[in-house]
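Let's take a friendly walk through this structure, one part at a time. Have a look at it first, and then we can start with a pair of strands.

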Amino acid sequence: MVLIETKNLTYTYPGGTKPSIRDVSIKIDKGEFTLITGPSGCGKTTLCRCFNGLIPHFYQGELKGEISVAGLNVIEHPIYELAKHVGLVFQNPENQLFALSVEKDVAFGLENLGVPREEMRERVDWALNLTGIYDLRERAPHELSGGQQQRVAIASVLAMQPEVIVLDEPTSFLDPLSAKKIFEVIHELNRKLGVTVVLVEHRLDLTARYADHIIIMDEGKIVLDGEPREILHSEEARLIGVGIPKATRLYQMLEKDGMKLGKAIPLSSDELATLLKEALKA
Amino acid sequence: MIEVEDVYFTYPNGVEALKGVSLTIRNGEFVAIMGQNGAGKTTLVKHFNGLLKPNKGKVLVDAVETTKVSVATLSRNVGFVFQNPDHQLFSETVEQEIAFALRNFGFKENIIKRRVTWALNLLGLAQYRKTSPFMLSGGERKRVALASVLAWNPKILILDEPTIGQDYQQKEKLRQFILQMKAQRKTTLIVTHDVEFVAECNPRVMLMQDGKIVADGEAIRVLTDPEVLTQASIVPPQVSQIFLQLSELETPKNVIDIYEAREILLNILEKKSNERF
């Protein structure tokens, strides 16, 4: 079942001279883990802002084409209605946090949805624990480090338990091990609870292994859209200059030099190490 | 040259961020400071331009103690680009943003004009000269912040997480620029979580953990030492991860470069196929 669909979506910011996204037509299925990537300034963040209605309801500008999310026409439904279905974690956590304590920030969305008090307590604690910030619950968000703020932003969206979670470079301020833990939590929510995930990332080394679907953008347009292993192995992906995982790149180089590693294209170091052990065993 | 002698620093809220740090960074060095969130990396580098002053110990920049001069004076030689560009950008256009510090430092208008154009071109921002920084994407804003510091040509450059939001090509340009700094005997310090970027540059790596420096050496040594990496909770670069798993093939362990990895693996393949005959 298609959960997010756009048809020829084109958007220009107020005062912008050219569209930030152009003729974007994509389909994202329910339960999929989709990775959106592409060079800096290619329109990834702009596309995410369309998924929860920030465009066109908050950002003015000119939107053309069609977009529906969870069966709702985004152009006709206000943000608060879309927010019941789509949670967005912003690139910069400071743009998202405002309450006096971490706990209040995480509870804010639930209060607005009118969730009963007991359930609210449970969901807030669940989200704080999942993101590893339970001990910070009494602290003021603005006093926290960039990495801690990102965890708060993620927790506040997880607590809403939306059908779709859209994350725009959600771990850029986190150290790799903490980032890995967060991605594993998101991956688990996707696998176990069937939450649809849309993740914007440059660091494919860390994230490609989780994706069932990858979309590559360049200059506002969709240039590649499909199965991650196939796409990241393609010559086109390399030429656009997306950061293909080192394991995939090394696999390509070795195959080209005549090493037989099999048809299964690796996306992570573990996968390539297994192939190498097999190919080079005595 | 930066000299740090047994520095301790505690924030007003009681958090002990530095617990006895000593180091020397010579002119022309390229250093990456790595470690978990909260290890003290940003606190340490804020001592280098005098934004923070030690509670105990000394920080000397070009033989001058940072407590004896103002941040404004230090800034002329020490350029600092913050982790979050929104903490640093405020002008109406990208051009004005880059020219701002140059005006403050009293550069002549014709030089300002030339420097601004140079910085815009270097960071691929020429098309946004008249655009508001706040209209740009996160990655582009980060580059504007970088351009505004590079424009005044500081001798020491401190970049807090410079690769956030940058695509592969932008990172490669940054790497080339840092190499150029090095050739001019200028010092670049980056605070970063980006192990892949560090693996590609092979700088001197200082690993911090709980307010102390726990390892200091070439990236190729530090990022391939499983014991040190576990202690500082660092995920090794992918190439290193692969080689750490291939011990049964008697491969060397300290490999971080993809081209070197290819050579080694092809050699093993050749040896194995020769053995079969």
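## A strand pair in chain A

In this predicted model, strand β9 of chain A, residues 213–218, is joined to β10(A) by 5 bridges, and the two run antiparallel. Within this pair, I215(A) sits opposite D225(A) of β10(A).

## The sheet around it

Both strands belong to an open sheet of 6 strands in chain A, ordered β6-β7-β8-β3-β9-β10, and the pairing is mixed.

## Two packed helices

Also in chain A, helix α5 (residues 117–130) packs against helix α6 (residues 146–159) at an angle of about 140°, and their axes are 9 Å apart. The two helices, α5(A) and α6(A), are therefore oblique to each other, and their crossing is right-handed.

On the α5(A) side, the contact is made by R123(A), V124(A), A127(A), L128(A) and L130(A), while α6(A) brings A155(A), L158(A) and A159(A). By class, the residues of this contact are 7 nonpolar, no polar and 1 charged.

## Where the chains meet

The contact between the chains takes 40 residues from chain A and 39 residues from chain B. On the chain B side, the elements giving two or more residues are α5 (138–150), α6 (168–183), α7 (195–201), α10 (238–244) and α11 (258–275). Of these, α11(B) gives the most, with 8 residues. The side of chain B that touches chain A has 16 nonpolar, 17 polar and 6 charged residues.

Definitions and conventions
Residues are numbered from 1 along each chain as its sequence is written. Chains are lettered from A and ligands numbered from 1 in the order in which they are written. This is a predicted model: local features need pLDDT of at least 70, side-chain atom pairs count only at pLDDT 80 or more; totals for chains, interfaces and linings use all residues. Two residues are in contact if their C-beta atoms, placed from the backbone, lie within 7 Å. Helices (H or I, at least four residues) and strands (E, at least two) are DSSP runs, numbered from the N terminus. Ala, Val, Leu, Ile, Met, Phe, Trp, Tyr, Cys and Pro count as nonpolar, Asp, Glu, Lys and Arg as charged, and the others, Gly among them, as polar. Two strands pair if DSSP finds at least two bridges between them. Axes are lines fitted to C-alpha atoms, for helices over the stretch in contact, and angles run from 0 to 180 degrees between N-to-C directions. Angles under 35 degrees count as roughly parallel, over 145 as roughly antiparallel, 65 to 115 as roughly perpendicular and the rest as oblique. A crossing is left-handed if the near helix is turned anticlockwise from the far one by less than a right angle, and right-handed if clockwise.
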